[in-house]
Amino acid sequence: MTTTTLRRFRHTARRRLLVVVAAAAVLLGGGVAWAAWTATGTGTAAAQAVTATVAAVTPGTPTASLYPRPTAGYPTTGPGSIVFTVNNPNPYSVTYNAIALGAVTSGNEGACPAVNVVPATPTPTVSITVAPNATSTLQTVPAALSMLQSAPNGCQGVTFTVAVTLTGTSVPA
Amino acid sequence: MEVTRVVRRGLTSLAVAVVVLGGLATTPPARAAWSAATTPGPAASASVTLTAPTGLTVARNNGVLSSTVTVSWNAVLVDGTPVPGYRVVLGGSGVTLPTTRGCTTTVTTTSCTDVFALNLLAQYTYEVRAVVNNWTGPPSTGSA
């Protein structure tokens with residue numbers, strides 16, 4: 001084979017290779033695009049991410065369950081249950097899967113100082129999904145609080161609130 | 001020889017391209033997820049109120065040289081579990097029966113016997129309260 005023929009063959013082989021690679025890219029790349037988008041249309045489009053709005057927690061009406069913690073611990077998970085709703089002002093669903101408990105407030109600080117009630121350990125687990133622009137149903141998280149054994153007699157029939165922070169992620173549509 | 005090398009190189013490149021693009025095609029499209037958190041907000045809880053024991057009964061046992069009274073009542077439950085103790089007092093006086101009379105300061109069962117009810121003519125009355133640590137419930141209805 002002469003040098004000229006060899007050059008021509010190389011040139012042709014490269015061109016064929018490029019064509020094949022390009023075709024494969026178009027076909028397979030088209031597959032990716034099809035997997036992500038099913039709508040078709042023409043014209044211009046613009047997209048802007050929404051700004052997440054922070055959700056709020058609101059207390060519910062609790063069922064009386066808390067009492068001084070026995071030495072061996074509460075026999076059930078009922079005592080110390082907390083109730084609340086959480087609203088999701090965002091246009092997408094959110095799943096909250098972690099809860100942090102903060103300061104406790106007593107409904108009768110004089111007869112039963114808030115220090116008598118503490119967040120229980122271990123911290124309870126949650127899994128709360130809230131629809132877009134909606135408020136959850138009443139959520140009950142058991143065994144969230146504990147009452148000290150030394151709690152005074154005035155701690156009977158008192159309502160407590162605890163600061164709750166929920167964290168999670170948006171749910172892909 | 002040179003032709004064979006060129007063809008091999010071309011085929012190798014093609015194979016690599018197909019593998020890479022094939023991997024892209026089978027990878028699911030990326031989806032974004034935002035972290036979300038609430039502002040700290042209040043959740044509510046409430047403590048129970050002890051109730052008074054019910055079903056108080058008094059049984060007098062008169063002997064030749066002694067007279068005792070056995071007091072019994074129904075258990076008070078908190079969260080479905082009996083409270084750990086009760087305080088028995090003489091009705092109307094609020095005085096807790098001393099240990100020497102058989103009903104210790106805190107009774108851990110649902111009955112006790114007052115062994116010092118010597119006056120056969122007297123009518124002894126009793127009240128029982130549920131006790132949970134420092135908590136004391138309301139008295140039962142007194143019983144003779």
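Which residues touch the most other members of the largest nonpolar core? I looked them up in this model, which is a predicted one. The core holds 50 residues, and A:I82, A:L145, A:V164 and B:V132 touch the most other members.

From chain A, at least two residues each come from β2 (82-88), β3 (94-106), β8 (145-147) and β9 (159-170). From chain B, β2 (41-46), β4 (67-72), β7 and β9 also each give at least two. The largest share belongs to β9(B), with five residues.

That made me zoom in on B:V132. I skipped its neighbours within four places in sequence and listed what else it contacts. In chain A, B:V132 is in contact with A:Y67 and A:P68. In chain B, its contacts are B:L50, B:V78, B:V83 and B:P84.

**Strand β9 of chain B**

How many of the residues of strand β9 (residues 126-132) of chain B are buried? I got seven of the seven, so the strand is largely enclosed by the rest of the structure. I reminded myself that side chains in a regular strand alternate between the two faces of the sheet. Then I went through the faces of β9(B) separately. One side has B:Y126, B:V128, B:A130 and B:V132, and the other has B:E127, B:R129 and B:V131. Both faces are covered, with all of these residues buried.

I also looked for the pairing partners of β9(B). Strand β7 (residues 85-90) of chain B pairs with β9(B) in the antiparallel sense, over six bridges. I picked out one bridge there: B:V88 partners B:V128. Strand β10 (residues 135-136) of chain B also runs antiparallel to β9(B), joined by two bridges. Here B:V131 sits opposite B:T136. The hairpin of β9(B) and β10(B) has two residues between the strands, and B:N133 takes a positive phi near 50°.

**Over to chain A**

I counted one helix and nine strands in chain A. Of its 173 residues, 26% count as buried.

What does β3(A) pair with? Ten bridges join it to β9(A), running antiparallel, and A:T105 stands opposite A:T161 in that pairing. Strand β5 (residues 128-130) of chain A is antiparallel to β3(A) too, over three bridges. There I found A:Y96 opposite A:I128.

Last, I looked at contacts in chain A between residues at least 6 apart in sequence: 82% of them join residues at least 24 apart.

Technical notes. Residues numbered from 1 in each chain as written. Chains lettered and ligands numbered in written order. Predicted model: local features only at pLDDT ≥ 70, side-chain atom pairs only at ≥ 80, totals over all residues. Buried ≥ 20, exposed ≤ 12 C-beta atoms within 10 Å, placed from the backbone. Helix = DSSP H or I, 4+ residues; strand = E, 2+ residues; numbered from the N terminus. Pairing = 2+ DSSP bridges. Core = buried A, V, L, I, M, F, W, Y, C linked by C-beta atoms within 7 Å. Contact = placed C-beta atoms within 7 Å.
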